[in-house]
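Have a look at it first, then read on.

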Amino acid sequence: MSAAFYDFVRGRSDDVPAGYTAAGLRVYRHLVYLGASQMIEAHFPAVREQLGDDAWRTLIEAYIRQSEWTSPYYGDLKDDFLAYLARESA
Amino acid sequence: MIGLGYRREMSDWDMSAVQADFFEVAPENWVHRDRAPLHQLIASGRPVHLHGVSLNLGGSSPLDLDFLRAVRELMADLNTTVYSDHLAASGDAHQLYDLFPIPFTRAEVRRVSDRIRQVQDVLGQRLAVENTTWYTNIGELSEADFLAQVAERADCGILLDLNNVTVNHQNHGGHDLTAFVQHIDLERVSYLHVAGHEWDERFGLYIDTHSQPVAPGTAEMARQLNQTHGIPILLEWDNDVPGMDVLNRELACLRPSMTL
């Protein structure tokens, strides 16, 4: 799979790599967003509440764009998210 | 044998009333968690098998040996040797906690089957790979040929997901369920997955949501393979998990007696 595939999925680019469909790639971008959003919301519901829908979406999308997650454990996302916030506000 | 994917939502259920002969859990969820509920299921005479999501067989990062050792330890603890993951990538060199399509090419058959062999060498046992739902992909092979060639070259098992075949056929055409099954060496199939899916207007595609009853044609094929080849069936219901009554009804629909 090309780097361009994952650039689209992470929202770094809207260019559809050769041979793939835009609709299919949008499904993958949507599923990755849902996965990250649901896990982080489960741990930090108050943040979601405070930010409201639009700011929350902007935050999660920015978080996914820079993602370099390595843990095989999905639950570790919450620690990585805290590290991300710390980096961003440093 | 009819099985059910065990979910955390079921932790306060009386599991003795669930009409399943075996269960399946994601190892990623249990390596660091209290396994008492799983040991209770095993004590009731019903095995618990492992079905993982993060091996990243199609990815480009080196295989995570620490994780594989943790899975091996979990298998020993649960007294099972049945472990599967997806014939998919969970990211590029990194994890994205979803399942992405491996291009259906001969080059990928070689590369991915080598990675599966490596996993089997570390575990000292066979791994089964599951055919996945895909929403867009490239490559010169059909999905059924790709799966069959990988399994042959890696000498691994196959977890045949009938719902995924149905969803892919509805979305992309290609082999229907009957034609797909004919491509597969059924001797390699550890068990079948069935689940439900939904149409999503936003994308113009069927999405593999695991939140609906099993489609009639999918259930029929599962019962047939179960009867003719003795292949166990496992029901996955991962989102909007309904009450026990609905699940028991779905499980009953998968039993061969229902065809009479």
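Predicted model: local features only at pLDDT ≥ 70, side-chain atom pairs only at ≥ 80, totals over all residues.

Residues are numbered from 1 along each chain as its sequence is written, and chains are lettered from A in the order written.

Chain B carries nine helices and ten strands (DSSP runs: H or I of at least four residues, E of at least two). With a radius of gyration of 18 Å, close to the 18 Å from the globule rule for 260 residues, chain B is as compact as a globular protein of that length (C-alpha atoms; the rule is 2.2 Å times the number of residues to the power 0.38). Buried residues (20 or more other C-beta atoms within 10 Å of their own) make up 44% of chain B's 260 residues.

As for the interface, 20 residues of chain B contact 24 of chain A (C-beta atoms, placed from the backbone, within 7 Å). Here are the two contacts by class, with Ala, Val, Leu, Ile, Met, Phe, Trp, Tyr, Cys and Pro as nonpolar, Asp, Glu, Lys and Arg as charged, and the others as polar:

| α2(A) with α4(A) | five residues | one residue | one residue |

In chain A, helix α2 (residues 22–43) and helix α4 (residues 77–89) pack at about 85°, axes 9 Å apart. That makes α2(A) roughly perpendicular to α4(A) (65 to 115 degrees).

Key
Buried ≥ 20, exposed ≤ 12 C-beta atoms within 10 Å, placed from the backbone. Contact = placed C-beta atoms within 7 Å. Axes fitted to C-alpha atoms, helices over the stretch in contact; angles between N-to-C directions. Parallel < 35°, antiparallel > 145°, perpendicular 65-115°, else oblique.
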